[in-house]
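Please look through the structure shown here, following the chain from its overall plan to its sheet and then to its surface.

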Amino acid sequence: MTEIAYGDLLAGFTPALPYTMDTAESAPRAAGVHVVLAGDTVIYVGRTGNLRDRLRQHLTGNRGSSVLHDQIGQELDRTGPVATASDIAHWLNRCVVRWKEAENPEAEKEALVLALTPRFNRQVPRPRPAADQNG
């Protein structure tokens, strides 16, 4: 699915921006949802209480501080020596990021993960069963 085909799924998100520290620093300190794209493919969907801090954390954190950082590190480990934080940040710098502020980022993330099944999200939430009609 290309970025153009995402249509309504990414309505309200920023335009695609290079995933650099400068971009992360420009994000608001607000709750929201972010997506990382490699080419035209969404590879990760995240949610946070502070977009600026979380986007920075993906670029500078360690594997224990970010699922995205860990997943990319594991991918890079398979093709060479153990990836450093710098290697992971360099890989992310070739991607783009989009975000939007959200009152309920958890629900928005869940809907996007279910629709897009991004490669670097660890768990895809299971659809919730319909409410019991006899309840």
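Read along the sequence, the protein chain runs through the pattern α-β-α-β-β-α-α-α-β-α, which amounts to 6 helices and 4 strands; helices (H or I, at least four residues) and strands (E, at least two) are DSSP runs, numbered from the N terminus. The model is a predicted one, in which local features need pLDDT of at least 70 and side-chain atom pairs count only at pLDDT 80 or more, while totals for chains, interfaces and linings use all residues. Residues are numbered from 1 along each chain as its sequence is written, and side-chain values use heavy atoms, with hydrogens and water left out.

The 4 strands form an open sheet in the order β1-β4-β2-β3, with antiparallel pairing, where two strands pair if DSSP finds at least two bridges between them. At the edges lie β1 (17–18) and β3 (41–48), each of which pairs on one side only. Strand β2 (residues 32–38) pairs with strand β4 (residues 96–101) in the antiparallel sense over 6 bridges, and His34 stands opposite Trp99 in β4. Helix α6 (residues 105–116) packs on this sheet, touching β2, β3 and β4, and the direction of α6 makes about 160 degrees with that of β3, where axes are lines fitted to C-alpha atoms, for helices over the stretch in contact, and angles run from 0 to 180 degrees between N-to-C directions.

Of the contacts (heavy atoms within 4.5 Å) in the protein chain with a separation of 6 or more, 64% are accounted for by residues 24 or more positions apart. Buried residues, meaning those under 20% relative accessible area with a 1.4 Å probe, protein chains only, make up 41% of the 135 residues in the protein chain.

Conventions:
Buried < 20%, exposed > 50% of the residue type's maximum accessible area, 1.4 Å probe, protein only.
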